[in-house]
Every structure is written in structure tokens, then in C-alpha cells.
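Open the structure in your viewer and keep the selection tool at hand. The stops below say what to select and what is there.

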Amino acid sequence: NMISSWITPASYQPAQTDNLTQDFTFGLGTDVTKKGAMSLDVMHRNFRDDATVVKYGTKQSYQVKALLPNVDMNAAEMKFRYDASKKLAFTGALTGRKRENFNNQYKAEAAVAVLNAAYKASDKLSLTGRLYSRYVQIDENRAHNGMLGQYNTTVQNGNYSEFDKFTLRGEWAVDYRPIEKAHVKAGYKVEATHRRDAPAALYAKSVIYGTTLEIPANQQSNRVIGDETKHTASVGLKGELPLGVEAEANYKRMQANRGTFVNSPTKVDEVGGALIVPLPAHLELTFLSGYSEERNSQAETNYHQTRNTYRAGLDWEATPGKVFVGLDGSYEALRRYSNTWWGNTNNTATPGGYIYKEGTPNLLKDTTAGLHGRVNLPKGFVVMGNGSYTWSNVHTPVNIMPLNDGGQIVSDIQPIDVRIARGRIAVEYTPPQYKHLTARASYRIDDWVDKMDVANSGRASISEIGVSAKF
């Protein structure tokens, strides 16, 4: 073949592996007072690849196996707790971590500070609060080449492709039980994020989409927002109805002043519910549903997405305490719409060369049916099994006539039609005289069939065996 024409058999050599990882940890803890305690952990990790670089080839030299980067990591973590009173308690932590790659001088530093407070006003009412901050800084000494032409031909500063990030978040929650069978939760969260050196690739040339839509130069960009603020409020209700029926409902709303990316939402609404119904003959019916909607009307894409989810299950305790079987099914439908441009707006084009579609849909549907079971056998043996079958479809319906072939119409972009079958069986054994010891063995098989591309179809099987002990 072509390779053997310039590589001789004598040049083949096995790649060498010689890695060393060293971990060092030092910990110290103390009770400062009867009401509080403090701990400190210091960690160091060192990784080195000392393998000999093996190359082969006669006319050209190729490395058999690339060396892994030599990396150092140093970290420290301090935790504390303090009980101010029988009703009020505080916990917190300060952590810092630094990682350095000695091959390319890449450095990453991160620091986190957390303060938690919990106040139990009464047996029915409790309040919690949390303050969280995180800072990440990344330093690069080598240039990054982007996908756009002007960045491929221009050497950038080392930090061009990375930006530092600082996040400050506050969370507050209320938990209230007016009566024994009713539970109310409410929460509010505010999060502010600052990104230093957030990139924005400006499209510097004009382009014409279709025959009439002209985008002037320097009017569009693929940007990452530098500063954004998010507000999230949530409320949930849970209670027990007559006949032992349990019901739950929740709602959450997120509002942001900007979206991080063009397809990041500035507004999200989520609503969900659950119902558990006990039936005669040791049967139990479960039903869950959810709906969410998100959009970003500020960006050029006018991004909009909805998601519907449904799940139902029926469980049966065939023999009390011994045999359990169940059926379940789920359905999910996701619909995403956004204005879509096909083409690189950093290059000029004749009218009709590029394509623009307003509100292009992307549709996903997943349907799954499954069953599961468990049998508790004598002598400490347990047999478990489950299986499922999934239908998954993705479509991006369009109606596009290619510029160079007027006789063809593109009606779908990268459609997906997949069938996934999964099955698993497991056996556990816990000796009656050694309740802390459990041995497990399992076998799982996944079968994937891609109706659109046979090359993506396949099957995987996994066998596992293990032992666990509790001390």
C-alpha cells in the first residue's frame, strides 16, 4: 500500500509508556469552640510523562505517541461551621486552586468563597441563605488560531482565546409547612457575571443573502457578553390529597438582562407537576409532566425554544417484600426556532450565493418504553433487571433550492432517526452473617440502530463484577 512504500517494516517500534503521578495531602481540623469547628486541607499533585519519544519513518519522521503534558496542581481548602444559637447556624468555605502546564506554560487559577446560613424560626418555618463567588483566571503564552480567516493569518497574543470570569451569586429560600400534609417552598436567586476579555468576532465584510437581504459590513458579530445579570424566582407546592394521593406542582422564572451567547435565553419559564396514586392490589401509578419555554429576542437570531416532557409509570409489589415489577414510558418534544444564516459573512458573495431563513425550526422527539423488576431471594441473593426501547427523531425542515442546482430542493438538514434498545441484569449477594459485605455481578447490552446512516449503528456490551463493604 501507499504507506509501506516509504515506511520499512524495520522502522516499526512500540510506543513507550512511563507516567508518574504523585499526590500529597495535608489536613488539619480543630473544634474552635463548642459551637464551631474549622478544618484546613492543602493538596499538591504532580504529573510527569517520562516516556522516550519513539519516531518512525524513512523519508519523514512521525511520532508514535505524543507525550502527555507535565502538570502541577496546588490547592488549599478551608471550611468552618458555627452554631450561633439553637436556631441559627453558619457554614462556609474558602478554596483556591492553581494548575500549570509546563509544556506550553498554560496556567489556570480559580478561587471560590461560600457562606451559608440556616435559620429555623419554628417547627413549621425555616429560612436559608447562601452567598457564593468564584473567580477564574487563565493565562496562555501561545497564540490561538481561530476558524475565521483573519485570525488564521494573524499571530494573536497568547491570551486572545481565553477570558477571565468572576461570578457573584446570592440565594434565599423559604420552607413552610402550614399543616402536616402540606409543604410550600419559595426561592430567589440573583447572579452577576463579569467576563474580562470576552471575545467578539466582528464580520468585517458585507454579504447578500438570497437576492435582497444585504448585511452591511461591521453590523454583525459572534460575540460573548461581558456582563450579565440573572434573576430567578421559584415556588413549589407539595401535599397529600384524600385516598393517599400525593401531588406536587412547581414554577420557575428566570430573567436576564442579556444572553451570554446569541442562542442563550434572556427569559425562561418552567412549570411542572407530579402525581402518585396508590391503587388496590399493591399497585402504584406515577405521572410527571413538565413544560418550559425560553427565548432571546435581543439577539439577531430571535431564539425561541419550547420543551414538553411526560412520564408515566406503574409499579406492582407482586409479593410483599420479595417481588417487584414495573412498567414506565416517557415522551419528550423539543421545538427550537431561530433566524439562520448559511454562509461566512467575512467573505463577499454575489446575490443569491448565501441563504437566510427566518424562524428556522429544529424539532426533536424522544419516546421511550421500559420495564424493570427486582426479586429478593433467600440466603441474601437479589436479582434485578431492566430494559428499554427508545425512538429518537430530529428534523430541521426547510425548503431551500441550491444555487448551483435548481432542480433539487433541500427539505431537511441532517435528519436523525435512531432506535436504541437497552437491557441489563444484575445479581447481588449479601451473606446473612456479614451484612456489611455485598458482592455484585451485572451484564448490560446496548443496541443502536441509525436509520439514516448505517455506519453509526452498533452494539456494546458491558460486564461488571465487584465487592463493596461498609465500615
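Start with Lys-379, which lies in the loop between β21 (355-376) and β22 (381-395); strands are DSSP E runs of at least two residues, numbered from the N terminus. Phi of Lys-379 is near 65 degrees, a positive value in a residue other than glycine. Lys-379 counts as exposed because its relative accessibility is 64%; exposed means over 50% relative accessible area, buried under 20%, and partly exposed in between (1.4 Å probe, protein chains only).

Before moving on, note that this is a predicted model, in which local features need pLDDT of at least 70 and side-chain atom pairs count only at pLDDT 80 or more, while totals for chains, interfaces and linings use all residues. Residues are numbered from 1 along each chain as its sequence is written, and side-chain values use heavy atoms, with hydrogens and water left out.

Next, select Ala-281, in the loop between β17 and β18 (283-296). Ala-281, which is not a glycine, also has a positive phi, near 60 degrees. With a relative accessible area of 53%, Ala-281 is exposed.

Now select strand β17, residues 267-279, and find Leu-275 in it. Leu-275 is partly exposed, because its relative accessibility is 33%. Patches are made of residues with over 30% relative accessible area and no salt bridge; nonpolar side chains (Val, Leu, Ile, Met, Phe, Trp, Tyr) are joined within 5 Å, like charges within 9 Å. A salt bridge is a side-chain nitrogen of Lys or Arg within 4 Å of a carboxyl oxygen of Asp or Glu. Accessible areas come from the Shrake-Rupley method with a 1.4 Å probe.

For a charged patch, select Glu-180, Glu-240, Glu-246 and Glu-284, which gather as negative charge on the surface. Glu-180 sits in the loop between β9 (164-176) and β10 (182-196). Its relative accessible area is 76%, so Glu-180 is exposed.

Select β2 (residues 36-49) and β5 (residues 71-83), which pair in the antiparallel sense over 12 bridges; two strands pair if DSSP finds at least two bridges between them. A hairpin of 4 residues joins β5 to β6. Which residue in β5 stands opposite Gly-36? Tyr-82 does, and Tyr-82 also stands opposite Phe-90 in β6.

Technical notes. Lys, Arg positive; Asp, Glu negative; His and termini not counted. Charge placed at Lys NZ, Arg CZ, Asp CG, Glu CD.
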